[in-house]
Amino acid sequence: MTEDEAVDDELLTIGAFAARARLSAKALRLYDRLGLLPPAHVDEVSGYRYYRADQIERARLVALLRQLDMPLARVAEVVGAPDGAAAADRLDAYWADVEARMAGQRTLAAYLRGRLSGRSSEMYGKFVVETVDVPEQVLITETRHVLAGELPAWIGASLGRLEEGSRECGGITAAPFVVYHSDVSMESDGPAESCVPVADEAAARAWVERQGRTRETKVRVEPAQRLAYTRITKAQVAHPQILAAFEAVEEWIAKQGLWQAGPCREVYFADWDAAGAEDPVCDVAFPVR
């Protein structure tokens, strides 16, 4: 018997099944290898794969999901759902991620058009830049090498851990912030440093000692300094809108004849979860002299 012949009335060879499912035998072998669509039977001697007719619907579903450019791991989540409603929910979650990514890419394309067409100054003019003097601060910090895609989740988690720890360090004395010691992008991983100003240096050092080195938690005393900053809304914090804010501050610093005296930072002064898209939540800032 050849591989393209039916074994019996219920089982189909890979060739016959591929034709009915409108897939290639190569795709079926891949889906088998990844556990998405294992054959109903594999001949121990010949190694031929055989499928049941009732597997055709699953095979077609896998193929359709792949047409959405869905990664195979996400396909496995959908087809492995306990029921149709759960599968639809998992598809909705994937598609929401796709639409968010596309929205970000559209914004990035608009930002790049502005740069390439020489309209950067027009974009920067939307930001009001001011200066503020900041006193010496005792900081508890957490540092991590992180890529842009991981950054929002890490900022929220790390600042949450530090804010919880601040209760043992005399309490928070000023707005938390994140310092970028090097570029953070899809290719560059910083590092970034989450910082929470606290009241009691001795208590802070004791708290950090208890944390160990699991998350690169430290105490740092930052000297008094002047910051040049622009205030942005929650919507503007998203990439790449925030890039324009950083560049606007950099341009203003140069025009004022000032010098950047340290790495850039984002100062989070508002309740992020309670804020609306147009509410001010963050200062994009550079130390200057």
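Mentor: Tyr94 is buried, with a relative accessible area of 4%. Buried means under 20% relative accessible area, exposed over 50%, and partly exposed in between (1.4 Å probe, protein chains only). This is a predicted model: local features need pLDDT of at least 70 and side-chain atom pairs 80 or more, while totals for chains, interfaces and linings use all residues. Residues are numbered from 1 along each chain as its sequence is written, and side-chain values use heavy atoms, with hydrogens and water left out.

Trainee: How many aromatic pairs are there?

Mentor: Start with the rule. Rings of Phe, Tyr and Trp (its six-membered ring) pair if their centres lie within 6.5 Å; planes under 30 degrees apart are stacked, over 60 edge-to-face, the rest tilted. The count here is four aromatic pairs. Among them, Phe17 and Tyr51 are stacked, at 4.5 Å centre to centre with 10° between the planes. This pair links distant parts of the chain, 34 residues apart: Phe17 is in helix α1 (residues 14–21) and Tyr51 in strand β3 (residues 49–52). Helices (H or I, at least four residues) and strands (E, at least two) are DSSP runs, numbered from the N terminus.

Trainee: Are Phe17 and Tyr51 buried or exposed?

Mentor: Phe17 is buried, because its relative accessibility is 0%. Tyr51 is buried too, at 0%. Now take Tyr94 and Trp95: the ring centres are 6.5 Å apart and the planes meet at 55°, so this pair is tilted. Trp95 is partly exposed, at 36%.

Trainee: Which residue lies over the face of Phe269?

Mentor: A charge sits over a ring if NZ of Lys or CZ of Arg is within 6 Å of the ring centre and within 35 degrees of the ring normal. Here Arg231 lies over Phe269, at 4.1 Å from the ring centre.

Trainee: At what angle do α1 and α2 pack?

Mentor: Axes are lines fitted to C-alpha atoms, for helices over the stretch in contact; angles run from 0 to 180 degrees between N-to-C directions. Helix α2 covers residues 25–33, and it packs against α1 at about 100° with the axes 9 Å apart. The two are therefore roughly perpendicular (65 to 115 degrees; under 35 is roughly parallel, over 145 roughly antiparallel, the rest oblique). Contact means heavy atoms within 4.5 Å. Ile14, Phe17 and Ala18 in α1 meet Ala25, Leu28 and Arg29 in α2.

Trainee: Where does Thr233 lie?

Mentor: Thr233 lies in strand β9 (residues 225–233). At 13% relative accessibility, Thr233 is buried. Leaving aside neighbours within four places in sequence, Thr233 contacts Ala277, Glu278, Asp279, Pro280 and Val281.
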